[in-house]
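I opened the model today to look up a few points. My entries follow in the order I took them.

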Amino acid sequence: MPSRTLVEAINDALGVALAEDERVLVLGEDVGRNGGVFRATDGLMERFGAERVVDTPLAEAGIIGTSVGLAEYGMRPVAEIQFLGFTYQACAQLMAQAARARWRSNGRFTCPLVVRAPFGVGVRAPELHSEALEAHYVHTPGLKVVAPATPYDAKGLLLAAIDDPDPVMFLEPLRGYRAGRTEVPEGRYTVPLGAARVAREGRDVTVVAWSYMVTVALAAAEALSGEGIEAEVIDLRTLSPFDADAIIASVQKTGRAVVVHEAARTAGLGAEIVATINERALLSLEAPVARVTGYDVPIPPALLEDYYAPTSARVAEAVRSVIGF
Amino acid sequence: GDGATSEGAFHEAANFAGVLKAPVVLVCQNNGWAISVPRARQTASETIAQKGVAYGVPGLLVDGNDGLAMYREVHAALERARSGGGPTLIEALTYRIGPHTTSDDPTRYRPSDELALWQRERDPLVRLRTYLEREGQWDGARQEALEEEMRERVARIVTAALAEPMPPPEAIFDHIYGTPSPILEAQRRELRAHVQASGHKEKPHA
């Protein structure tokens, strides 16, 4: 079985989808001849032609708006936005059009498009290149939001997202693009949307994370293991709809929880997860649920970004405080 | 740039400028390439300057590698704007000699003879220098002196920039609101406590 980086797994999934289904097409800035600024679409234009792997003008609202029309009339567009922060330009198309097509038309139209975009800090990029906006899209009824952490999941979830009858924001970990390899099977397989994964089993505390923060949480869990604390790490994988049952089952076992995300804290997805735990597992809790998150500020410039994003040290600190409550 | 003219914001700004007779000069640096996308794939119109027509804004196509032509046209446009004559759109035609970023590789998408033509025959610095020398306004000695002066100036600025102290971690909370919110102040204290406890040993990417 081939071993692939996450960005190679994305490329593999797009190749599978384009080969299997004539309705699938890829569009975005620099996705064709250049193979994408991160090479996620490398070689696809050569294999499938410029009619199906389309270099667009530089206009995010145009890319998403065109995809909405394509999706509503039977195609399966997969749009690439170079950085999630660039979707600010396309919010009207995403939130006011794609997300509402089904609802607005009483189910007559659907909008099965996928928007792929990398997000998060870690590559020392300039402003607007590191935004963590998942909560904006989770807060938009009608959109699904997926955020894989591993190459295996990236391929399986992307194929599931392309199959899905509704619009999916597919958020890729910028830092995780080439951070490691896992085995990725050839050909088609899917990882179901809406199902979390236990990335590490443990009895003492549940750590909920997604995307690159799973890697950070696992590093913290390894360090804590040396102190006799066994953390269970839940990789949420799909953020909307998120797998509340998996979180609750784990919290009922461990009695403690920490939620980790890179996005700003206030009204972040962590708050929703804490509320869900309170609603469904309050009597299992031995301590208040802690959050380890970015702060309520714009992602800072490169020299300071390490202070912004959660680190394994910060996650471990929070776990110790929850254990010692 | 040429790529940015595909964004809606450009068209809205040009439209507003035209309607409001705004004292503004819109300068588009058309360097032919938006990362890998050539100008011809960015817009089907023959020029970017002509887009002004639709907004009732005079549009000028200027050789952006001709410093004197740019000076004359920008100067005239600014005069017009200041004297109530309304906006102007200037398309400055030039070329992106280098890559878009340090991770960009233009050899994947761009013909090398095109690059060579612009480097060899259209370099604006060489053209201006040649013109000034022909006019007797410039010579090799003055060129060398100027280059030396500029090298020293750049080195001075770089040295000064590198000598700037690292901003404190708490700087990430500055300039968010006129008066910091209680939540932000609490988060600032939280970061301060974490940095003190961890002894500034943040490691990137872990």
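In which sense do strand E9 (residues 197-200) of chain A and E11(A) pair, and over how many bridges? I find them antiparallel, over three bridges. I count two strands as paired if DSSP finds at least two bridges between them. Helices (H or I, at least four residues) and strands (E, at least two) are DSSP runs, numbered from the N terminus.

Ground rules. This is a predicted model, where local features need pLDDT of at least 70, side-chain atom pairs count only at pLDDT 80 or more, and totals for chains, interfaces and linings use all residues. Residues are numbered from 1 along each chain as its sequence is written, chains are lettered from A and ligands numbered from 1 in the order in which they are written, and side-chain values use heavy atoms, with hydrogens and water left out.

Entry: E11(A). I looked up the partner of A:Val198 and got A:Ile234 in E11(A). Strand E10 (residues 205-209) of chain A runs parallel to E11(A), joined by five bridges. There, A:Val205 stands opposite A:Ala231. Between E10(A) and E11(A) the chain passes through helix H8 (residues 212-225) of chain A, in a right-handed β-α-β crossover. Right-handed means that, with the strands pointing away from the viewer, the path from the first strand over the helix to the second runs clockwise.

Next I checked cover. Five of the five residues of E11(A), 231-235, are buried. Buried means under 20% relative accessible area, exposed over 50%, partly exposed in between (1.4 Å probe, protein chains only). A:Ala231, A:Val233 and A:Asp235 lie on one side, A:Glu232 and A:Ile234 on the other.

Entry: backbone. A:Arg237 sits in the loop between E11 and E12 of chain A. Its phi is near 65 degrees, positive in a residue other than glycine. A:Arg237 is buried, at 10% relative accessibility. B:His175 also has a positive phi, about 65 degrees. Is B:His175 buried or exposed? I read 79% relative accessibility, so B:His175 is exposed. Its loop lies between helix H7 (140-163) and helix H8 (182-198) of chain B. I also noted a cis peptide bond joining A:Ser240 and A:Pro241, with omega about 0 degrees. A:Pro241 is in the loop between strand E12 (238-240) and helix H9 (244-254) of chain A.

Entry: A:Cys111 is buried, with a relative accessible area of 1%.
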